[in-house]
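Here are some notes to read alongside the model. I have put them as numbered points so that you can check each one on screen.

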Amino acid sequence: MTATRTPATGTGADQPTPGGGGRPGTRDELVRLGRGLRRRAGRARRRTRRALRELGARTAQAWRSSLQVRIGAIAMLLAGTVVVIVSLVLFSQIKDQLLDVKRQAAIDQVQAGVVYAQSEVAGIATGDAASVRATLARTVNQLLDRGGAAGDFDVVMVYRPSGGTEIPATNQRPLTAALPQELRAAVDAGNQASKYDMVPGDAGDPRPSLVVGAPVTGDAQGPDRIELYYVFPLQQEQESLGLIRTTVLISGVALTLLVVGIGVLVTRLVVDPVRQAAGTAQRLAEGQLEERMAVRGEDDLARLATSFNAMADSLQRQIPQLEGLSQLQQRFTSDVSHELRTPLTTVQMAAEVLHEAREDFPAHVARSAELLRAELDRFEALLTDLLEISRYDAGAAVLDSAPADMGALVGRVVDGMSALAQRHACELVVTRPEESVLAEVDVRRVERILRNLVGNAIEHGAGHPVEITLAANRSAAAVTVRDHGVGLSPGEAQHVFDRFWRADPSRVRTVGGSGLGLSISLEDARLHGGWLQVWGQPGAGAQFRLTLPLVAGTDLTSSPLPLRPVKLRRPGALR
């Protein structure tokens with residue numbers, strides 16, 4: 001059976017890539033493989049960066065939240081710094097002393113070797129090279145056999161005739177060429193010299209060595225000179241310094257860890273009672289008034305625990321008393337307000353009869369009837385506010401929220417306050433967006449807040465326009481009420497929501513009111529989960545800002561309107 005193979009035509013998958021001699025599709029596969037590798041590398045880099053960020057965040061959190069971590073880190077830093085400095089100084093002194101001892105012993109040995117070499121080469125035949133080599137070799141071997149206190153060493157002797165080639169003699173051939181040129185120049189000048197350098201050893205590898213050289217015969221002006229060099233390997237000293245370095249390093253690390261451990265332990269002895277006190281205080285704040293700290297010993301921490309327990313005992317006694325007094329005050333306010341309703345209703349009925357018949361009375365009696373009715377209306381408003389504030393104090397206030405158009409609500413409040421504004425020659429300027437602002441609010445309570453704010457602005461605005469602005473963002477709606485009257489100082493702004501507080505007690509109210517309007521407004525705003533804030537500046541007026549969430553029950557993070565007016569203008573410049 002014979003199989004016939006038909007060549008492929010066109011641009012099929014088996015067609016080789018133009019200009020390439022590889023297999024079909026190799027270039028595309030390499031491109032895909034490169035892209036895959038780049039993607040995997042990018043993911044790995046992102047994971048690494050994310051892990052580093054998380055590690056940094058956890059470290060920063062531990063640094064901020066743990067006193068033990070901070071003290072341990074500071075102790076490690078300080079102890080490590082001290083240990084490094086002391087170790088460097090100590091190691092440097094040990095190294096210098098060890099090398100000085102080695103150098104002094106080497107110099108003494110070289111001087112003894114020079115004296116011996118002089119006696120050996122005194123009768124050298126300078127003209128016979130073979131005799132010179134034999135004498136130098138014999139002297140080198142004898143010097144090696146003599147030994148010395150400086151330890152192992154190698155010897156090099158060099159005969160330098162005035163006009164010929166120098167003749168070296170040594171127990172190691174590479175040493176002659178490896179001698180430092182600065183040292184040879186100093187010895188050639190007739191001086192004894194020494195130098196630390198890297199000199200080849202037995203295997204030809206460089207090793208740290210101390211090279212000491214001295215002239216044996218002749219001087220710088222002599223015809224022939226013989227030089228003697230001792231090479232003292234410093235391997236033993238290097239090993240000793242390495243052992244010392246390791247010992248110092250291990251001792252330093254151990255000392256640092258010991259200091260850190262002591263610091264952490266001492267800190268823990270102090271921090272643990274503080275943590276117990278913090279936990280006990282937190283449980284006390286949660287209402288567990290029977291919590292107490294354990295008292296151990298008679299030290300300062302024990303006295304702290306005793307004082308803390310005494311404070312907790314005092315709080316446990318006083319808090320129920322204060323709660324009882326508060327409940328008694330709330331019940332008294334509520335009961336008095338309710339009890340006054342009946343006689344007030346009777347008096348109002350009588351006042352209404354007198355007011356309707358005032359035309360039949362003399363002028364001064366008719367005026368008295370009018371004043372009686374006005375004061376009774378104010379008295380009724382005061383009772384109403386007292387009942388409302390007592391409901392907040394008792395925690396009985398309930399929010400009846402429903403979707404409402406904030407623009408229409410602001411319009412109703414402005415329409416209701418327009419008559420009061422006309423009596424005070426005050427213009428109400430309203431700014432609101434064209435689109436509807438819908439929010440889930442208790443319409444009755446929000447209208448009460450705005451009436452209080454607008455009424456106060458009219459009363460304190462000194463006849464200047466009152467600006468009412470409505471704005472909204474994705475999560476909140478805000479209304480600001482701006483007047484250009486006498487304004488508020490920072491100290492006054494802190495008390496403006498206090499009950500029955502007045503910036504100027506001698507000033508007579510022209511609008512009336514109970515002195516509880518802003519306090520009730522603040523409670524209404526809090527019941528919505530909103531903000532009621534004030535800004536004031538003497539001579540520049542004041543601005544109140546009410547911020548409410550668009551959806552009931554959500555938390556506020558920002559307000560659509562600034563609390564401080566963007567542009568402060570002089571009252572005389574308003575139009």
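1. Which residues form a positive surface patch? The members are Arg-32, Arg-35, Arg-38, Arg-39, Arg-40, Arg-43, Arg-45, Arg-46, Arg-47, Arg-49, Arg-50 and Arg-53. A patch takes residues with over 30% relative accessible area and no salt bridge, joining like charges within 9 Å and nonpolar side chains (Val, Leu, Ile, Met, Phe, Trp, Tyr) within 5 Å. Lys and Arg count as positive, Asp and Glu as negative, while His and the chain ends are not counted; each charge is placed at NZ of Lys, CZ of Arg, CG of Asp or CD of Glu. Arg-49 sits in helix H1, residues 26-65, and is partly exposed at 43% relative accessible area.

2. A word on the basis of these notes. This is a predicted model, in which local features need pLDDT of at least 70 and side-chain atom pairs count only at pLDDT 80 or more, while totals for chains, interfaces and linings use all residues. Residues are numbered from 1 along each chain as its sequence is written, and side-chain values use heavy atoms, leaving out hydrogens and water. Helices (H or I, at least four residues) and strands (E, at least two) are DSSP runs numbered from the N terminus. Buried means under 20% relative accessible area, exposed over 50%, and partly exposed in between (1.4 Å probe, protein chains only).

3. Now for the nonpolar surface. Leu-255, Leu-258, Val-259, Ile-262, Leu-265, Val-266, Leu-269, Val-270 and Val-274 make up a nonpolar patch with about 780 Å² of accessible area together. These areas come from the Shrake-Rupley method with a 1.4 Å probe, and for residues only the protein chains shown count as cover. Leu-258 belongs to helix H6, residues 235-285.

4. The whole structure holds 16 salt bridges (a side-chain nitrogen of Lys or Arg within 4 Å of a carboxyl oxygen of Asp or Glu). One of them pairs Asp-188 with Arg-160, the closest N and O atoms being 3.3 Å apart. Asp-188 is in helix H5 (residues 181-188) and Arg-160 in strand S1 (residues 154-160), so this pair ties together parts 28 residues apart in sequence. Asp-188 is partly exposed, at 24% relative accessibility.

5. Two further bridges deserve a look. Arg-445 pairs with Asp-442, with the closest N and O atoms 3.3 Å apart, and both residues are buried. Arg-451 pairs with Glu-447 at 3.8 Å between the closest N and O atoms; the two are four residues apart in helix H10, about one helical turn. Arg-451 is partly exposed at 39%, whereas Glu-447 is buried at 17%.

6. Finally, please check two backbone angles. Ala-425 has a phi near 50°, a positive value in a residue other than glycine, and Ala-462 has a positive phi of about 55°. Most residues other than glycine have a negative phi. Ala-425 is in the loop between H9 and strand S7 (428-431) and is exposed at 59%; Ala-462 is in the loop between H10 and S9 and is exposed at 58%.
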